[in-house]
Amino acid sequence: MLYREAGDYKTSYVADSQTFPIKFDRYGYYVLLGFAFLVMPLIINDYWANSIVVPFLIYAIAALGLNILIGYCGQLSLGTGGFMAVGAYASYKMMTAFPDLNIIFVIIIAGMVTACVGVLFGLPSLRIKGFYLAVATLAAQFFLIWLFTRTAWFYNYSPTGMISAPTREIFGVPVTGPRASAVSMYMICLCFLVASAWLARNLTRGSLGRTWMAIRDMDIAAEIIGVNPLIAKLTAFAVSSFLVGISGALLFTVYLGAAEAGEAFGIDKSFLVLFMVIIGGLGSIFGAFAGAAFLIVGPVLLKLLLVNSLGWPTDLAAHLEIMIVGALIIVFLIVEPHGIAALWRTIKEKLRLWPFPY
């Protein structure tokens, strides 16, 4: 049996309520974490960092944030791209206004600014919900992009309208700007992803997470038993926007280096992160990782197969890539509408009995 619980006894509440109560999962998590921190920095190169690994880490943080809002609290949002833009422009203003401020604090403060903006645009959730709330957040997306495009103060009156990240260092190693290496970009994004996942996991397991899920399942019943919908919904918007703001700041400072609001944080970014959450699995930390991997790694692997292996023209491969990824999304949602996280749970149930199905 590859996956078994026999002999894995719990003798305390702490052991029974830990994140990975089964030894197989816990050891697998340690091995994966050790590989990410110790092995990947030795083998990663510029192509893998810029094409797959760094985008995956950044969008996984955004998917974690949106999953808290939609999957755990049941509040629809189509303004993820706008909130990522808030994080990017907040980090740019902090980097130019305070040149000596450490980049770690710049990104965290950018996330806090985005959390405040998220709470402001989350106020309509107290009156409306469902499709109407999605439309209200969609309006936030268009308003924020219009604000950053039309207000010259946000891009320091640059004639091009673009923002560029200055070089910043951690322990003497550049992590932003043209001198940043693939390893430094990877490590700072990985550290923020691990911290974000730890924060999301602990919040969703605590009393705050239970209030979010109570609002998601039945808001009227939750209010009757004492859950304050004002605090529950606004804290969900704040935490979600904080993580989305951090992903936007990392996308601008570490990955892109230069950005323009309409091009880098358009409505396509909002739908991309939304698809990650839906495909990965609503209300699941693992689902955010799986959805980001599916939509970031999948197109790159298809391009390698069609262009590099089969020798197809690049433009034809690009069109087929969009069609194939779209068809895979539709097929996957028909086969497993609860996402990759539900599929993974089913596989684990099968492995518990393998090779004896009865």
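This is a predicted model: local features need pLDDT of at least 70, side-chain atom pairs count only at pLDDT 80 or more; totals for chains, interfaces and linings use all residues.
The secondary structure comes to 15 helices and four strands. The C-alpha trace spans about 70 × 60 × 45 Å along its principal axes. A compact globule of 358 residues would have a radius of gyration near 21 Å, and the chain agrees, with 21 Å. Buried residues account for 45% of the 358 residues.

The largest nonpolar core contains 99 residues. Within this core, I188, L250 and F265 have the most contacts. Helix α3 (residues 46-72) gives the most to the core, contributing 18 residues. The surroundings of F265 were examined with residues up to four places away in sequence left out. Among the residues that F265 touches are G81, G82, M84, A85 and A88. F265 also touches Q141 and I145, as well as G248, L251 and F252. A259 and E260 complete the list of its contacts.

Helix α4 covers residues 80-97. Of its 18 residues, 16 are buried, so the helix is mostly covered. At 1.5 Å a residue, α4 should span 26 Å. The end C-alpha atoms of α4 are 26 Å apart, in agreement with that expectation. F83, a residue of α4, has a relative accessibility of 4%. F83 therefore counts as buried, the limit being under 20%.

Aromatic pairs were then considered. A pair of aromatic rings is described by the distance of the centres and the angle of the planes. The count comes to eleven aromatic pairs. One of them joins F83 and F121, whose ring centres lie 6.3 Å apart. The distance falls within the 6.5 Å limit for a pair. The planes of the two rings stand at 65°, and angles over 60 degrees count as edge-to-face, so this pair is edge-to-face. F83 lies in α4 and F121 in helix α5 (residues 103-122), so the pair ties together parts that are 38 residues apart in sequence. Ring pairs also link F83 and F121 with F143 and W146 in a cluster.

Key:
Residues are numbered from 1 along each chain as its sequence is written. Side-chain values use heavy atoms; hydrogens and water are left out. Rings of Phe, Tyr and Trp (its six-membered ring) pair if their centres lie within 6.5 Å; planes under 30 degrees apart count as stacked, over 60 as edge-to-face and the rest as tilted. Helices (H or I, at least four residues) and strands (E, at least two) are DSSP runs, numbered from the N terminus. Buried means under 20% relative accessible area, exposed over 50%, partly exposed in between (1.4 Å probe, protein chains only). A nonpolar core is a set of buried Ala, Val, Leu, Ile, Met, Phe, Trp, Tyr and Cys residues joined through side-chain atoms within 4.5 Å. Contact means heavy atoms within 4.5 Å. The expected span of a helix is 1.5 Å times one less than its number of residues. The radius of gyration is taken over C-alpha atoms; the globule rule is 2.2 Å times the number of residues to the power 0.38.
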